[in-house]
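Let us go through how to read a structure file, one feature at a time.

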Amino acid sequence: MSSDEELRRRKYEEALEIKSLRRIISAYLNYPEAAEEDVRRYERSFRKLPMAHKALLSHLPLKYQKLRRCISKNSFFIFEMLKAFEPPVDMSQDDESCDHLDDGSCGHAHLEDRDPCSCESASVSGRAHSKTSGEVLTGHEEKNENCSEPESGNLAVSLEGQKETHKGCCDPLTVSDKDMSSGPHESPDYLESMPHFHVPLVDVDKVRCVIRNIVRDWAAEGQKERDQCYKPILEELTRHFPERSKESPPTCLVPGAGLGRLALEISCLGFISQGNEFSYYMMICSSFILNQTQDVGEWTIHPWIHSNCNSLSDADQLRAASIPDIHPAGAGITEGFSMCGGDFVEVYNDPSQVGAWDAVVTCFFLDTAHNIVEYIEIISKILKDGGVWINLGPLLYHFADMYGQEDEMSIELCLEDVKKVATHYGFELELEKTIETTYTTNPRAMMQNHYFSAFWTMRKKSSVATSIQESMDE
Ligand SMILES: C[S@@+](CC[C@H](N)C(=O)[O-])C[C@H]1O[C@@H](n2cnc3c(N)ncnc32)[C@H](O)[C@@H]1O
């Protein structure tokens, strides 16, 4: 590629990134308004009630006022998070320079604006579907039980460093002890100059999905779910790496790291841990919690307010969650902890990554693939010989049922075939179990989705053994 072409490509990708990022920030900024609109809708319905029914439910107007207070608390958290965010690209560029760009047109390298909630579970209608081109839905996440709401979509994006390399960035986390006692951040220029525009409701739903993910990763209420999902992984890592020297710690990669708790826990175990994540929705939030929080319980959010369905009581629905449940900077991380923004395939299918990792941990990630075979091939390539791959999760393929998107690829294999593919790429199964788990479930709701997640540890055989296996397969 000539240097002119390269420059044009970079400019194009940067413009795409700005466009994605604007949309995501707008989704966050639209949160209070969209939530207020919901409350107004509840009030409209209430006003339509006959007098006798109104009298019976006379507590509801007060509930709506309380909901408004909860929305302001959530909005305050979101706004502080946005104020702390430093966009990796120059957001002051003209709107017009980005407007001609088609969101779905650049399928590589830059962090797209796919949905973090590629986690929506098939709770009601069976599965989430794509809403517009360039957006993908699905995932494992507990459905937003605001029953009449659209299901969430799937966008993706890049964070810092991306603009330089277009291959993902792996910035060490600062996890600072910076004094935040001086009060909330000033509003940064990029927010001041952001044009205020409305985004589709599905985008705001992604913000709500991030809020539920915060409970999974960073609230005491998520402990049960973390014990189901993260604890078995941490125990396996400890078993396989009993001696973790401080001088030369083992390395562990966590693709699809979400809000970063698992990657942090792995770091605290004595690994050089790297989370990889391609959603800006997630990265903006994880970066805030990991780098900016100063105290346990510094923030209060009300994660469950957006659904009136399946609540046992209004108090349950309106309850608060304090976050974070631990202070990340004081958790005892191992030096070298980082979060890497970018698409797993783009970032790690690179010669520099071959044989780079002692362990790869995938948790609710494998089924985010367009092509799961490609994921497994890359995991095999980037592991050292003898390295371990620990996986936990279902096979709720995120790109399955992409009705109306004929060029959307989705390879959906059963567990048996996934294991066959892994064997082909040199893996030997050392442990296999089924573990019952939830994903971003409201533990007090009357409806909860449970997964019978596949859990395994596989070891990558030595190259010699792998090539023998390959030649036998041919
Ligand atoms: C279902 S969530 C699981 C998050 C986390 N591992 C957990 O267990 O809470 C899947 C995550 O993978 C991310 N993701 C999906 N495809 C990805 C890709 N190709 N590269 C990097 N991250 C990806 C999504 O943005 C999302 O945060």
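Q: What does pLDDT tell a reader, and what is its mean in the protein?
A: pLDDT is the predictor's confidence in each residue, on a scale from 0 to 100. The mean pLDDT of the protein is 84, and 78% of its residues reach 70 or more. This is a predicted model, in which local features need pLDDT of at least 70 and side-chain atom pairs count only at pLDDT 80 or more, while totals for chains, interfaces and linings use all residues. Residues are numbered from 1 along each chain as its sequence is written.

Q: Over which residues is the pLDDT below 50?
A: Residues 102-112 form one such stretch, with 31 contacts in the model beyond near neighbours in sequence. A contact means that the C-beta atoms of two residues, placed from the backbone, lie within 7 Å. Residues 119-138 also stay under 50, and there the model has 74 contacts beyond four places in sequence. Where pLDDT is low, the predicted coordinates should not be read in detail.

Q: How many helices and strands does the protein have?
A: Both are DSSP runs numbered from the N terminus: helices are H or I with at least four residues, strands are E with at least two. The protein has 16 helices and 10 strands.

Q: At what angle do the axes of helix α1 and helix α3 cross?
A: Axes are lines fitted to C-alpha atoms, for helices over the stretch in contact, and angles run from 0 to 180 degrees between N-to-C directions. The axes of α1 (residues 3-47) and α3 (residues 60-84) cross at roughly 180° and come within 10 Å. Therefore α1 is roughly antiparallel to α3 (angles over 145 degrees count as roughly antiparallel, under 35 as roughly parallel, 65 to 115 as roughly perpendicular and the rest as oblique). Among the residues that make the contact are Ile25, Tyr28 and Phe46 of α1, and Leu60, Ile71 and Leu82 of α3. The residues of this contact divide into 15 nonpolar, 1 polar and 3 charged (nonpolar: Ala, Val, Leu, Ile, Met, Phe, Trp, Tyr, Cys and Pro; charged: Asp, Glu, Lys and Arg; polar: the others, Gly among them).

Q: Is Phe364 buried or exposed?
A: A residue is buried if 20 or more other C-beta atoms lie within 10 Å of its own, exposed if 12 or fewer, and partly exposed in between, with C-beta atoms placed from the backbone. Phe364 has 26 C-beta neighbours inside 10 Å, so Phe364 counts as buried. In the protein, buried residues make up 46% of the 474 residues. Phe364 sits in the loop between β7 (357-363) and α14 (372-382), and its phi is near 50°, a positive value in a residue other than glycine.

Q: Where is Thr440 found?
A: Thr440 is in the loop between β9 (427-437) and β10 (451-460). Thr440 is not a glycine, yet has a positive phi of about 50°. Thr440 counts as buried because 29 C-beta neighbours lie inside 10 Å.

Q: Which residues does Arg244 touch?
A: Leaving out residues up to four places away in sequence, Arg244 touches Pro249, Pro250, Gly270 and Phe271. Arg244 lies in the loop between α9 (231-240) and β2 (251-255). With 16 other C-beta atoms within 10 Å, Arg244 is partly exposed.

Q: Which peptide bond is cis, with omega near -5°?
A: The bond from Ile323 to Pro324 is cis. Pro324 lies in the loop between β5 (321-323) and β6 (338-341).
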